[in-house]
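Notebook open, model loaded. I want to go through some strand pairing, a helix contact and the ligand shell.

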Amino acid sequence: MKTKNDIKTKRKKPSVGVDSTLKASTATTHLARGQEITVTIEKINAYGVGEAYFEGIRIRVPATAEQEVVTVEIEEKFSGGFWAKVKSIKKPHPERVPAPCPYFNECGGCDFQFLSYPEQLRYKNNEIRNLAKYLGVQDVCIKDVLPSPDIYGYRNRLSLQSDGNKIGFYAKKSHELVAIKNCLLASDALQIKIAEQIKSGAPMGRVDVRENDSSGFIQVNTGQNTQLQKWMIEQASFKKRDHVLELYCGAGNFTFHIADKVQSVVAVEGDSQSVETARKVQKKLDKKNIQFIVSDVLETLHDFATQMKLFDVIVCDPPRSGLKSSVGAILRLKPKKIIYISCDRQTFCEDVKKLMSAGYELKVLQGVDMFPQTRHIEVASVLELKNKRAI
Ligand SMILES: C[S@@+](CC[C@H](N)C(=O)[O-])C[C@H]1O[C@@H](n2cnc3c(N)ncnc32)[C@H](O)[C@@H]1O
């Protein structure tokens, strides 16, 4: 008999994306909110959530891993199935560990505190291989994901939320606020700032907390950022005669390292305060081969194409939204090599597909674990122009 809690769903064909391995089915059934079922988790999906099938219906269960047998309680429906929460674990994953954070079960900030770090890396390595499969590349050199030097206490900044009374993070899958006293991902210096912020309160909205008072973009994980800078210099194999264009340069995080290796760097950034910081460092280091430009990347690319300015290498590290129409503008400049760093696999894929169909070959694909305990992966890559006439 149906109850008013019954929820109907029809499994749709999943959209093509980095999670293209999802099964498709047309099974129709209903499950009731609050109903308990026992399922075997098949895999952790691209969004960091355990996925199982019950009578052909996809069930998403946060904080579960593949091959775990779990009894779950059905929660709300999503377009392709149901969300559920763990009631009990019948067969745990061999790499399951106790999550150290008291907020882990409710807080939406972390995905993987319940898995050992090697297992988190295994998932991320697999995701990078899925990405290569999705891009259809075979000859690419896929390097093992670079582990983070610190797996807790690594963040030098984070964004909290305030409802005017409480300060915390949004809960998993909702905009309900989970009040916190501290965050285990924050560095010791940041923990102090968080405690001060909670004590002083904040008006409703986002509350950005940083270790220091800098403004503009900084990479969140200082130790891992050092490894990423090294990776870039090693993998780019810059030549002393190279002229390099760096897009989205922030406060010069990569710029000064690149400048040591090449003839010239033109570095473009939209945020004037970041460039002001970069120019101060430039003056202090007396680096004469860097030109910082405060501008929109697309506009600058158009200007350079009109002036027929040539660059040997273009380095880009765009925000989550990716390169968008700047891809076409980059193609007009025809650099021999592109170093593309991204914090978003979806937009990275979209952009790299366009670059590949215009004659670039993906040579190196490297995951960088900038965000341990979460599903996020920084992707670093090297692309080379196969044949100039192809463009
Ligand atoms: C992911 S951050 C990278 C910054 C730098 N590479 C680093 O490692 O610190 C992206 C940067 O792009 C800048 N940005 C975003 N959209 C832009 C645009 N359309 N034109 C110029 N800069 C932009 C942001 O201000 C930010 O500094």
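Predicted model: local features only at pLDDT ≥ 70, side-chain atom pairs only at ≥ 80, totals over all residues.

**Strands around β3**

I started with β3 (residues 36-44) and β6 (residues 69-78), which pair in the antiparallel sense over five bridges. Strands here are DSSP runs of E, at least two residues, and helices are runs of H or I, at least four, numbered from the N terminus; two strands pair if DSSP finds at least two bridges between them. I looked up T38 and found T71 as its bridge partner in β6.

Residues are numbered from 1 along each chain as its sequence is written.

Next I checked β4 (residues 50-54), which pairs with β3 in the antiparallel sense over three bridges. I41 sits opposite A52 in β4. β3 and β4 make a hairpin with five residues between them, and I noted a positive phi of about 80° at G48 in the turn.

**Helix contact**

I then turned to α1 (residues 117-135) and α8 (residues 345-357): they pack at an angle of about 30°, axes 10 Å apart (axes are lines fitted to C-alpha atoms over the stretch in contact, angles run from 0 to 180 degrees between N-to-C directions). In α1, L131, Y134 and L135 meet R345, C349, V352 and K353 of α8 (contact means C-beta atoms, placed from the backbone, within 7 Å).

**Ligand**

Last, I listed 17 residues around the ligand, with F217, Y248, G250, N253 and G270 the closest (near means a C-beta atom, placed from the backbone, within 6 Å).

Conventions
Contact = placed C-beta atoms within 7 Å.
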